[in-house]
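Please read the following briefing alongside the sequence and the three-dimensional structure. It moves from the sheets to the helices, then to the aromatic rings and the confidence values.

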Amino acid sequence: QNKVSSMDQESNGQNRELGQFIWLSDLHYDPYYGSSNALNTKSCEDASRVHGQVQCDSPYALVDLVFKQIAQLLIEDDDGSNAPVEFMVVTGDLARHATEQLDDPVSEMKHILGNVGRHLHSTITETLNHSLPIVADIGNNDVTPDYYIDLVDPSETLEIVTNGYQEFLDFKKEERSTFLRGGYFARNVTDKLTIISLNTNFYSLFHSPVNQNSGNINGTSPPFPDPLGQFAWLEKQLEIAHIAQRKVYILGHIPPAMGTFRHAQLWQEYYLEKYYSVLSKYHPINTNDDGMIQGQFFGHLHSDEFRLVNHGDTPSDRQWPLLITSSVTPIYGANPSIRRVLYNRTNGLLVDYETFYIDLGQQIDDEENRDVNTSAPEWVRDESFREAFEVIDMSYESLKGLLDQFRESTDDPNSAIWQRFFARHHVQYENGADHCPDQECRRGFLCAVTTRTSAEYNYCMKSYDVESSPKPSSSAYLESLILIVAAAVLGVAFAFWLQRYLRRRHYQQQIDEQELPEEPNPSLSLPSEMT
């Protein structure tokens, strides 16, 4: 915890262009952890591991530990020695999975969101003695049932989330109005940066009511071309930022991309196309233009990843990096974590990030040697992204170069860069570095991080099949070439002979068919003068 990272060294106050923000995602607080109402009852009703365990959502002790770590990061960076933490982003899913399984889901959701919101707000204000700008979005588990938003009348669902988020977002009048209307809002967090928070639930393939999604999977026009008016609102917010010459970050829960676990498409295709078409209007016009949209931030997948989707070769086809953060909940086999991000305050460029995590594996190993019910596990600071992969920043060019390194070592089972990436992907939990050691798995990963739809993914995988099909050796190629040339020579010779043969035959036929003079008939009398 006391180790000084290169990120701390760079942000130690000497470079006033740099700022920091905290990124929290997928908390999934389960107030029933350790009881018969816990998620995954068989595993999670055992409360002996008070700070959480794999296959379970977050107990209160883990939530409290996370908020204390956030307070520690705020204290570290509030003394003027480091670049200041200027704001915080929360990419959804404060509530546990499957609240619909509880006796009173609506009441439970209000309780969870309200308690988490109040705890986060008090942590920040008591630490700093002032508020901190926070922007959050709605996760698919922040509504009940999961993914549910009635596009005809969403008022009941959105009112529950709005009231819960009010506890820590402290909505202004216009922000509260748009959040109640559609679950989205925009906030200026610095004098140069605007964060736009999107509601991604109704773009998901799992959105319910399902009858509102019909005709909406393969790109055809859906029943609701612009659910709750969010696309029109997004275009308006981007235009406002463009006119004001502000930089923009876009926040959401479910990424507009492919998943790397099941290789499944996450958004309905019509909405994917619409989203990227809106953003494309504000991409850089040339390589010297750093662009208005400087980052996209999503959660949902509970793993440390990024996406780099490119539509073409021109600057206007380029997509800014899409970052996906790991989760607090350890349910899917990753250590609980939060993230601190370093960025350029002038142009919004993402510079670096580092992850802080609790080593659950170490906690389990230590259970026999200490009382886990009273001793809080220590936070571990992982090396920053730039330290791990030796890039200069988090720009499109840097991430593209990193992907090129991945491609070059796809068939190397001992590739250090692949092992390092997947260790971080699982936030250093147990054998994460050994995940995805074979060529097929790695190709699937590369296709998933560079495509948006199942069709694009399948095409990408087929292109690898074409590239890996057997190719003739150089000697075999030379033999084939000699045979082809010989065949061509013989073909030309035969054609020449055939042409001469046909010409001679045609000439002989003409001679044979010509009319010759009749011989004299001896029975005829000769003229008298000839006798």
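Two strands are said to pair if DSSP finds at least two bridges between them, and the helices (H or I, at least four residues) and strands (E, at least two) are themselves DSSP runs, numbered from the N terminus. This is a predicted model, in which local features need pLDDT of at least 70 and side-chain atom pairs count only at pLDDT 80 or more, while totals for chains, interfaces and linings use all residues. Residues are numbered from 1 along each chain as its sequence is written, and side-chain values use heavy atoms, with hydrogens and water left out.

**The sheet that holds β6 and β7**

- Strand β6 (residues 247-251) and strand β7 (residues 293-298) run parallel and are joined by 4 bridges, and Leu 251 has Phe 297 as its bridge partner in β7.

- Another open sheet has 6 strands in the order β3-β2-β1-β10-β11-β12, and the pairing is mixed; β3 (134-136) and β12 (379-381) are the edge strands, each pairing on one side only.
- The twist in this sheet averages 25° from one strand to the next.
- Strand β2 (residues 85-90) is joined to β3 by 3 bridges, and the two run parallel; Met 88 has Ile 134 as its bridge partner in β3, and Val 89 has Val 135.
- β1 and β2 also run parallel, joined by 5 bridges, and the bridge partner of Gln 20 in β2 is Val 85.
- β2 is mostly covered, since 6 of its 6 residues are buried, where buried means under 20% relative accessible area, exposed means over 50%, and partly exposed lies in between (1.4 Å probe, protein chains only).
- Helix α3 (residues 60-76) lies across β1 (18-24), β2, β10 (337-344), β11 (350-358) and β12, running at about 25° to β10.

- The buried residues in helix α6 (residues 173-182) are Glu 175, Thr 178, Phe 179 and Gly 182. They cover an arc of only 100° around the axis, which puts them on the same side of α6; the arc is that of the directions from the helix axis to the C-beta atoms.
- An α-helix has 3.6 residues a turn, so residues three or four places apart point the same way.
- The cover over the buried residues of α6 includes α5 (155-169), β4 (185-188) and α7 (230-243), with contact meaning heavy atoms within 4.5 Å.

**Aromatic rings**

- The whole structure contains 37 aromatic pairs; rings of Phe, Tyr and Trp (its six-membered ring) pair if their centres lie within 6.5 Å, and planes under 30 degrees apart count as stacked, over 60 as edge-to-face and the rest as tilted.
- Tyr 203 and Phe 231 form a stacked pair, 4.9 Å centre to centre with 10° between the planes. Tyr 203 lies in the loop between β5 (193-197) and α7, whereas Phe 231 lies in helix α7, so the pair ties together parts that are 28 residues apart in sequence. Both Tyr 203 and Phe 231 are buried.
- The rings of Tyr 270 and Tyr 271 have centres 5.8 Å apart and planes at 80°, so this pair is edge-to-face. Tyr 270 is partly exposed, with a relative accessible area of 22%, whereas Tyr 271 is buried at 0%.
- Ring pairs link a cluster whose members include Tyr 353, Trp 418 and Phe 445.

**Confidence**

- The mean pLDDT of the protein is 85, and 78% of its residues reach 70 or more, pLDDT being the predictor's confidence in each residue, from 0 to 100.
- Over residues 469-477 pLDDT stays under 50, and the model has 1 contact beyond four places in sequence for them.
- Over residues 507-531 pLDDT likewise stays under 50, with 1 contact beyond four places in sequence.

Key. Axes fitted to C-alpha atoms, helices over the stretch in contact; angles between N-to-C directions.
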